[in-house]
Amino acid sequence: MGRLKPMLVKEFLQMLRDPRMRLVVFGMPVMQMLVMAFALTTDVTRIRTALYDRDRSVASRALVDAFGAGGYFRMVAAPETEAEARRLLDAGQVQAMLAIASGFGEDLSAGRPAAVQVVCDGTDSNTTAIVLGYAEAIVAGFSARQGACGGPVTVAVRAWYNPNQESPLYYVPALIAVMLLVFSIMLTSIGIVREKEIGTIEQVMVTPIANFEFILGKTIPYMITGYLTMTAMLAAAVGIFGVRIHGSLVLLYLLTGIYLAGNLGLALWVSAGARTQQQALLTAFLIIMPCVMLSGFMFPIHNMPLPVQAATWLNPMRWYLTILRGVVTKGVGLATLWPAAAAQGALAVGFIFLASRRFRKTLR
Amino acid sequence: MADAAAFRSLRRAAAVARKEAIHLRRDWRSLLLALAIPVLLILLFGYALTLDLKNVPTVVWDQSRTPQSRNFVSLVEGSAYFELQAMRQSERQLRADLDAGRAMVALVIPADFAERVAAGRPVTVEAMVDGSDANTSRLAARYARSLGLIFNRRLTVDTKPAGVTLVSRAWYNPALRSPNALLPGIVAIVMMVIAAMLTSVTVAREWETGTMEQLIGTPIRAGELICGKVAPYFVVGMADVAIAVGLSRWLFHVPLRGHPGLLFATAAVFLTGALFFGLTLSIRFKTQVLANQVALAAGFLPTLILSGFVFAIENMPAALQYLTYIVPARYLIAIMRGIFMKGIGLQILWLDALLLFVYALAMIALARGGLKLRLE
C-alpha cells in the first residue's frame, strides 16, 4: 500500500495536469450529452411535402387539410407536372409528394373506391417507413370520416416509464454507458502503452513496485475518474434534462463499479498487446465501436440477426444499458435486474482474468 | 532555377512520405487494423444494424378468450412487426415482462371484446409500450394502432365500400432496405476514423518521442512536412473507400446508379480535408492521447451523429440543424446518397461538392499555418 500511493499520485498528475485534458475528461462527456440527446431522435415531424393535386375538388382539399392537420406534413411546393415533382425529390427540396388524381372527388361521392398516392424519398429508409405510417393512418382516418371502413376496434396506446415518449429521456441515461466505455478503455490503455512507447516502463520495472501494484496504480485513477464522469453526467441529466432517477442510486453506483472494472480489464488486455499508442487506439476502437453499436443504444437488438443477438451477450455495454434504463427510467431493483448484473459480473471477471494472463507475459 | 527548387522541395516531401510509409509498414498491426475497421463497420451496418421495426417482443392478455379475440391475436402473430412471446393472465405479469425487458409491447383485450365487436359497438384494446426506449416504442405504438385499423377492415371488407385507399411508393429505395440508406454514408465514417485514429497521432508522436527535434534539424520546410506526412494515409484512406464501395456494391447489393468517378473524386476531396483536420489537431495538441480524443469528439462523433448518417437532420431541433452545416460529412453523405441511389450528378450536387472543396482547402491552410518548425 505504501508503494501504491506514490504511483496513484503520479497517475493522477499525469492524467490531469494538462488543463485541456481536464476539459476532455470532465467537460466533453457533458457536452456530448447536450448535443446527442437532441440529435438522436427518430421523431419525424414537419415533413416537407410537395402537393400534386390534379383534382382540386372539395374532397381533395379536405384530404390535404387532413394531411396538414397533425403537424406531420407541411406542404411546401405545388408542382404542375410529375417531372417537376421528380426534380424536387432529386434535389432533396421535398421529402415526400402527395399526388391526388383527377376524379378523386367524384369517385368518392359516387361511392367508388378512390386512390391517393404518396411518394417518398426512400434514401432514408427509416424516416420513410415512419412517413408512410403517418400517411396510412391519416388516410384511414379520412376514409372513416367519409363513412367507409370505420369499425368498432381501436387500440389505445399507453407508454409506460416515459409517457410522452420523449427521446432525450431515453438517450440521456444511455449516453453515460457510452462515455464510460469510451473513456475507461481508451484512456487507460493509452496510459499504459505510453510508458512502453516512451520507455519509462523500464524505469518502473526497476523500482520495487510489484506487478499487481503497478496494475492497480494504473487502473484505480481511471476508476475514480469514471465515477466522477458518471456523477457529472447524472447531474446534467437531472439538472438540464429533468430526468428523474426512479430507482436506487446506491445500486446504480455499485453496478457501475462492476461495469468500470470490466472495462478496465479490457483496457489492460488491449494495452498488453500493443506496442504503440496508435495500436492501442485502433484496437480499443475496434472493441468499442461494435460494443456501442450492438448494445441496443441506437439500434434495437431484436432487429438483429440471431447469431448477432447471441453475440451481444458478450457485450458489457448491453448489460449496463439494461441496468441504467432499469434503475433510472423504470425504477426497478436487483429483483428484476439480477440477470443483467450477473452477466456483467461474469464478463468483468472474465476480462480481468484474460488481461492478467496476457499482461504478466508482457511485463517480463 | 525555380524548377530545380520545386524539384528539391518535392524530393524532401517524398522523403517524409517514404519515412511515414515505412513507419506504417513496419507497424503492420496498425495498418491491418486501419483496413479491418472499415470492413467491420460495413458488416455491422449492412448486416446487423437497422432501425426498421420488426420482431418487437410482445405479450398478450386475452381476457375475452373468444374466436374474435383469437382472431385479433392471430393478427399480432402474423405481423412482421410483432413477435408474440407469451400469453399472460394478469396485469402484474405484463408489468413484470415490461420491467425485465422481456417484452416491449403488452396488449390487453377486454373481456367484452367479442360481444361488442359482434354488436358493432366501440371497443378498446389497450396497448402498453415500453417508453424507456422512446424510438422503438413510438414506432411500436403506431403499428399497434394500425392493428385496430386492419382488424376493422377485415370485419367490414364485405359489407362496405373501400373508401379511400393509399398507394404508397418510395422512390430510389422501393423496398426501404436499410443497407441502401446506411452504406453510402459509411465512406464518410470510415474516413473520419482514419483521420482521427491515424493522422491525429502522427505529428504528436514525433513531439512525444523527441524525433521532431531531429526533423527540425533537417532542411525540410513545414509545407513539405505536412504533405509528406499525409500522403501514405491518403493511399490507405482511398483503399478504404474502395473497400467500402466494393463491399456495398457487391456484398450488400446497394445500387450504384451514378458515376463512380465522381464518387471517388468527391471522396478524395473529403479525405484530404479529414486527413489535414487530424494533422491540425496533432500539430496543435502535441500529445497523442489529447489529439486523438479531440479528433474523436470533434471529428468522428459529429460525423456519426450530426451528418444525417443514421438520424435525419430534418428531425433535429432547429439550433442543432444549424450546427450540422459545419459538419462536412453532411455534404459528403448527401453526395454519396445522391450518386448511389438517385443517380444524380454535379448539376444538382455542385454546392455540396464546392463546400467540401472549401473544407479541404481550409484544413490544409490550418495545418500549414499551425506547424512551426522551431525549437521551444
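## Confidence, interface and packing

Chain A averages a pLDDT of 83, and 91% of the residues score at least 70; pLDDT is the predictor's confidence in each residue, from 0 to 100. This is a predicted model: local features need pLDDT of at least 70, side-chain atom pairs count only at pLDDT 80 or more, and totals for chains, interfaces and linings use all residues. Residues are numbered from 1 along each chain as its sequence is written, while chains are lettered from A and ligands numbered from 1 in the order in which they are written.

User: Which helix of chain B gives the most residues to the side that touches chain A?

Analyst: In total, 107 residues of chain B are in contact with 99 residues of chain A. Contact means that C-beta atoms, placed from the backbone, lie within 7 Å. With 19 residues, the top contributor on the chain B side is helix α6 (residues 134–156) of chain B.

User: How are α2(A) and α11(B) oriented to each other?

Analyst: Helix α2 (residues 19–39) of chain A packs against helix α11 (residues 288–305) of chain B, with axes 11 Å apart and an angle of about 5°. Angles under 35 degrees count as roughly parallel. α2(A) and α11(B) are therefore roughly parallel.

User: Which residue of β4(A) is the bridge partner of A96(A)?

Analyst: Strand β3 (residues 96–100) of chain A runs antiparallel to β4(A), joined by five bridges. Strands pair if DSSP finds at least two bridges between them. The partner of A96(A) in β4(A) is C120(A).

Definitions and conventions: Two residues are in contact if their C-beta atoms, placed from the backbone, lie within 7 Å. Helices (H or I, at least four residues) and strands (E, at least two) are DSSP runs, numbered from the N terminus. Axes are lines fitted to C-alpha atoms, for helices over the stretch in contact, and angles run from 0 to 180 degrees between N-to-C directions. Angles under 35 degrees count as roughly parallel, over 145 as roughly antiparallel, 65 to 115 as roughly perpendicular and the rest as oblique.
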